[in-house]
Amino acid sequence: MDLRAWQVLPICLLSSAAMADEALEQRVNDLEQEVQVLREQNQDSAFDRISFNGFYSVGINQANNNLGYAGSTDEYDFNNLTLVGLQGDFALADSTSVTVQLVARGEDDFSPDVEWAYLKHTFDNYITVRGGKLRLPMYMYSDYLEVGYAQPWARPPEEVYGFVPFNSFVGVDGSYDFEFDNSTLTLQGFWGQSEEDGTKYDDILGANLTWAIDDFTVRAVYGVTKITVADDNQPDTQVLDDKNKSDFLGAGFSYDNGSLLVVSEVTRATVEGGYSDVDSGYLTLGYRFGKAMPYGTVAGMKTQDDDERVDIFVSNPGYNPTLPEGPTNPSVVPVDSSFIYSGKRTSYSLGVRYELLSNLAVKFDATLVNGFGDTNGLMASKVAGATEDSTTVYSIVFDGVF
């Protein structure tokens, strides 16, 4: 090799190295762009799998006395009917999702509670299974119990919706839709447990059938549980043993053709022992005139086991702790439990729902409650000594969804 070749060789080597560096840098840039594109696609895909929706109610109510029906008194209250809820759904796959619902209520100082938190999967045979914290499916409006916008009333009828002391449970449920030419029959089964204010509800088990055909919906439900009352929950512990069986049976129907609305439900809730067995029902009629829908509701309840009451012991208001306890100075005295656990009452509601927006409605409602007879109507205020024979509750509530 001559001298000129040796002189050119370093230049060639340097040029090759420079070209290699440029190619490597370009490849790195290309890879970074590909990674960025993939990251953005994954982010977009994740956002596409997440959805949020919510609901809210802002209301005020006041009664003409302090009987306490539906939590109302003779002073106006903004907290009783006010709440806000947020629900998030995340699709893990085409047939699998996670749902969480938080609800903050005015009566609880807007402390958020987890009402729903479950994993849902639909199999190839269209059976849907959910597991986690679920809504107890006892009523026609159970899934929308706190979504006021989905209900015709300012509040659901207390005589029916107020006698199951818990609304959610932890467990599993499964459902299947039987599709026919003009209708759908949905079968749902559920199993789980719950605890509310120290009272345990074990072995919750039940099923419901819902048949939807054109403008009609017909529903039937049966559920059973075992109740254990907290030791400090007197006088209930005197009339209930551990794990007392309780049954719930309900039926309902609705008709809604876009103008006329008819909704009705009847229920029977029974508990072994001296606790109240209650029959309840309501009927609502409404008719839409444009954006306004006047409605009326009649509801009632009555205990059916009044002959099974037993004496319970309560604190003696005349007890003198400075004197020896004995027959003439007892610390507790027997009381016929029918004073607490026997009851009947009737309510009559008149109201108007007006659609302000496509997702916002305002409702005006007046509810008269009477028909206690010689009972306390299962109202704590009358058990505590209130003497009024009736009460009227006035309510205004704005219900919306977003």
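So, Val 352: at 33% relative accessibility it counts as partly exposed, where buried is under 20% relative accessible area, exposed is over 50%, and partly exposed is in between, with a 1.4 Å probe and protein chains only. Val 352 lies in strand S16; strands here are DSSP runs of E with at least two residues, helices are runs of H or I with at least four, and both are numbered from the N terminus. Before I go on, this is a predicted model, where local features need pLDDT of at least 70, side-chain atom pairs count only at pLDDT 80 or more, and totals for chains, interfaces and linings use all residues. Residues are numbered from 1 along each chain as its sequence is written, and side-chain values use heavy atoms, with hydrogens and water left out.

Okay, what is Val 352 part of? Together with Val 58, Tyr 354, Leu 356, Leu 357, Phe 364, Ile 396 and Phe 398, Val 352 forms a nonpolar patch on the surface, with about 650 Å² of accessible area together. That area is from the Shrake-Rupley method with a 1.4 Å probe, and for residues only the protein chains shown count as cover. To be in a patch, a residue needs over 30% relative accessible area and no salt bridge; nonpolar side chains (Val, Leu, Ile, Met, Phe, Trp, Tyr) are joined within 5 Å, and like charges within 9 Å. A salt bridge, for the record, is a side-chain nitrogen of Lys or Arg within 4 Å of a carboxyl oxygen of Asp or Glu. Two elements give two or more residues to the patch, strand S16 (344–357) and strand S18 (391–401), and S16 gives the most, with four.

Now over to S18, where you'll find Ser 395. Is Ser 395 buried or exposed? Ser 395 counts as buried, because its relative accessibility is 3%. Ser 395 touches Ile 60, Leu 81, Ala 154 and Lys 363, among others beyond four places away in sequence; contact means heavy atoms within 4.5 Å. Phe 364, from the patch, is 31 residues from Ser 395 in sequence, yet their C-alpha atoms are 5.9 Å apart. And the side chain of Ser 395 makes a polar contact with the side chain of Arg 155, at 2.9 Å. By polar contact I mean a pair of N or O atoms within 3.5 Å; within protein, one must be able to donate a hydrogen and the other to accept it, and residues adjacent in sequence count only if both atoms are side-chain atoms.

Next, the inside. The largest nonpolar core has 38 residues, and Leu 136, Tyr 161 and Tyr 282 have the most contacts inside it. A core here is a set of buried Ala, Val, Leu, Ile, Met, Phe, Trp, Tyr and Cys residues joined through side-chain atoms within 4.5 Å. Elements giving two or more residues to this core include strand S4 (112–122), strand S8 (199–213) and strand S11 (260–271), and S11 has the largest share, four residues. There's also a second, separate core of eight residues, including Ala 63, Tyr 69, Val 369 and Met 379.
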